[in-house]
Amino acid sequence: MKNGKNKFEQVFDERFNRHRDELRWLYMELYENGGMFDELCTNMKEFFMSRDPDLRQRDRVREENPDWYKRNDLLGMMLYIDNFAGNLKGVMNKLGYLDKCQVNCIHLMPFLESPKGRSDGGYAVSDYRRVQEEYGTMEDLSVLTQACHAKDMNVCMDFVMNHTSEDHKWAKRARAGEREYMDRFFFFKDEQAVGEYEKTVPQVFPTTAPGNFTWLEDVGQYVLTTFYPYQWDLNYRNPRVFNEMIYHLLFLANRGIDIFRLDAVPYIWKTLYTSCRNLPQVHTIVRMMRMAVEIVCPGVLLLGEVVMEPDKVVPYFGTLEKPECHLLYNVTTMATTWHTVATRDIRLLKKQLDTVNHLPKEYTFVNYLRCHDDIGWGLDYQTLSQYHMEEGPHKKYLNDYFRGLAGMSHSRGELYNDDPALQDARFCGTTASMCGIETALDARDTEGLKKAICLDVMLHAYMFMQSGIPVLYSGDEIGQCNDLSYKKDPEKAQDSRYIHRGKMDWEAVKRIHNPDSVEGKLFSQLSRLETIRRQEPAFDCSADVWTLETWDQSVLCVVRQTGEEKLIGLFNFSEQDRTAWINETDGLYQDLISGKVREAKGVDIPGYGFFLLKRETDGETARAKFAHAERENRSRKEEVA
């Protein structure tokens with residue numbers, strides 16, 4: 001004991017003292033309420049003291065190794081609990097399969113209590129401390145996170161912080177006219193005030209949920225509902241809202257959650273005559289959240305969902321001295337990747353990767369090909385206009401391409417929130433269907449299926465080559481295609497995003513050991529890529545990463561190097577054979593897929609093919625392998641002749 005405090009209290013005090021002055025300054029600047037600040041601090045200590053000893057130990061280990069999440073063996077998977085395994089206990093029973101997938105971070109899609117048919121897939125929370133009944137209980141969540149931690153597996157969840165469900169107890173009491181609770185939302189009696197707000201605030205879903213307000217006949221007022229009428233925006237100008245949301249987050253952290261995906265974080269602060277997006281106060285709030293986490297549960301990460309153009313995304317990392325989110329989604333690169341598939345033109349993607357690679361290495365992105373959401377075509381149209389790709393026509397081309405209607409496409413999918421006036425529809429579909437696997441299977445097209453699988457694998461290889469944490473979407477590892485059954489469900493039929501939210505096909509999983517099946521081909525090749533990423537030092541977060549000019553608009557070249565370890569990735573986004581006109585003269589390279597040794601010069605790449613070329617450090621052995629390969633090539637040519 002020291003000064004009457006036990007060792008745990010001392011740990012809390014040490015962490016709190018590191019952040020106290022900045023936290024208080026930011027809080028008072030925003031709220032000017034010392035009493036509420038003191039309450040926040042008192043409750044943070046209570047959450048810390050009630051934290052499970054195993055979680056405290058997890059925190060301690062990660063404090064000593066703050067870059068733990070940047071290592072090259074971290075692989076995530078997003079999954080819907082009900083679609084994947086029925087409920088939380090079912091997910092626990094599938095941890096062995098996730099191990100087989102080499103996944104060590106599972107992102108559980110929304111599972112907190114929300115009303116049936118009015119939740120936007122779980123993003124309208126009615127109770128932050130209850131699990132949706134059909135998924136299980138909070139106790140089931142704790143048991144699952146403990147089981148995951150025993151396997152050194154992390155658990156991520158969505159923390160919906162911009163709004164609650166209209167069924168949340170705050171909303172119900174606000175609707176009953178209780179002023180304290182009305183002040184936790186945004187109510188307007190005056191239609192003119194609503195009109196002033198609408199002048200500068202864009203609509204998120206102009207087709208399915210036009211406008212930003214909902215009229216409540218029983219209350220005789222408008223309430224702010226940026227997304228859907230049943231999702232009421234929270235008023236973070238009220239310190240009670242901020243404090244309570246922090247308490248909810250810490251409560252869930254104490255149930256073993258390792259990563260919180262901060263849903264719709266750019267929207268949380270509203271000011272009249274602005275766009276109500278990315279305002280300075282948003283960053284103040286996220287910075288305070290980061291400090292609260294570092295004080296109570298420093299093993300926990302914040303993942304920002306910022307679906308914006310790049311110049312608005314990066315600020316959510318904060319600064320190196322005053323960080324905000326630990327992780328951010330690499331949204332623009334994902335959308336640009338599919339643009340590249342549709343155009344066979346890597347120029348914009350190369351520019352995008354160059355921008356990301358020049359950011360500080362401390363900034364960590366989450367990379368993915370597909371997720372639960374639609375794909376919005378928020379591309380760099382200023383650059384694309386230089387390539388004669390104008391915004392309106394190009395968005396239409398992309399949506400036509402991925403529906404299989406243009407550009408010699410074999411993709412299948414559907415539009416989401418199609419707005420003919422703005423020509424700004426988004427796109428829905430699984431990775432496999434977008435790559436053409438569904439079309440080839442339906443047509444029994446053997447050659448088409450081979451090409452589609454090549455494209456699918458190449459895209460995953462390219463994703464693994466990026467800096468950051470790769471995340472798979474459940475089902476992509478077995479090539480699961482679009483699911484049209486959602487059209488028969490009245491609660492889902494109007495939301496085309498459910499086309500790529502189908503149930504996990506466990507019968508298909510049984511075929512992963514069959515090398516002649518789609519599932520076997522994809523699973524084995526992705527497993528090989530995952531193993532390479534774990535084993536090769538060049539994938540370390542400390543590596544320098546850059547792109548090389550290939551002198552072919554369809555071939556992307558990404559280089560990773562740490563010390564003497566150098567790796568060159570070449571990715572052909574065309575279905576035609578291409579040549580990467582690189583000329584690396586620093587030795588011989590071994591292709592990590594085939595094992596063959598070759599020069600990194602004028603590399604011929606088959607359609608939708610790729611190479612992972614590792615520089616050989618043993619020059620004599622490499623030359624011998626290269627000479628042997630050359631002799632074999634000559635022999636084959638002579639046989640053909």
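The legends below describe close-up views of a predicted model.

**View A. Helix 22 and the elements that cover it.** Helix 22, which runs over residues 518–535 and so numbers 18 residues, reaches 26 Å from its first C-alpha to its last, close to the 26 Å expected at 1.5 Å a residue. Among the residues of helix 22 that are buried are Val518, Phe523, Leu526, Leu529 and Ile532, together with Glu519, Glu530 and Arg533. The cover over these buried residues includes helix 6 (95–100), helix 20 (446–465) and strand 23 (610–615).

**View B. The largest nonpolar core.** This core has 196 residues, and those with the most contacts inside it are Met44, Leu108, Tyr236, Phe260, Trp338 and Phe571. Helix 20 gives the most to this core, contributing 12 residues. A second, separate core of 14 residues includes Cys557, Leu570, Ala580 and Ile605.

**View C. The surroundings of Phe260.** When neighbours within four places in sequence are left aside, Phe260 is in contact with residues including Met157, Phe159, Leu249, Val300 and Leu303.

**View D. The largest pocket.** About 1,400 Å³ of space lies in this pocket, and of the 49 residues that line it, Tyr267, Val307, Met308, Gly376 and Arg426 are the closest to its centre. Helix 14 supplies the largest share of the lining, four residues, while the lining as a whole divides into 23 nonpolar, 10 polar and 16 charged residues.

**View E. The second largest pocket.** This pocket has a volume of about 700 Å³, and of its 31 lining residues, Ser119, Asp120, Gly121, Glu491 and Tyr498 lie nearest its centre. By class, the lining has 11 nonpolar, nine polar and 11 charged residues.

Conventions. Residues are numbered from 1 along each chain as its sequence is written. This is a predicted model: local features need pLDDT of at least 70, side-chain atom pairs count only at pLDDT 80 or more; totals for chains, interfaces and linings use all residues. Side-chain values use heavy atoms; hydrogens and water are left out. Helices (H or I, at least four residues) and strands (E, at least two) are DSSP runs, numbered from the N terminus. Buried means under 20% relative accessible area, exposed over 50%, partly exposed in between (1.4 Å probe, protein chains only). Contact means heavy atoms within 4.5 Å. A nonpolar core is a set of buried Ala, Val, Leu, Ile, Met, Phe, Trp, Tyr and Cys residues joined through side-chain atoms within 4.5 Å. On a 1 Å grid over the protein atoms alone, a cavity is a set of points where a 1.4 Å probe fits but cannot get out, and a pocket is an open set with protein on both sides within 12 Å along at least five of seven lines; lining residues have an atom within 4 Å of a point. Grid points are joined across faces, edges and corners, and a volume is the space filled by probe spheres set on the points. Ala, Val, Leu, Ile, Met, Phe, Trp, Tyr, Cys and Pro count as nonpolar, Asp, Glu, Lys and Arg as charged, and the others, Gly among them, as polar.
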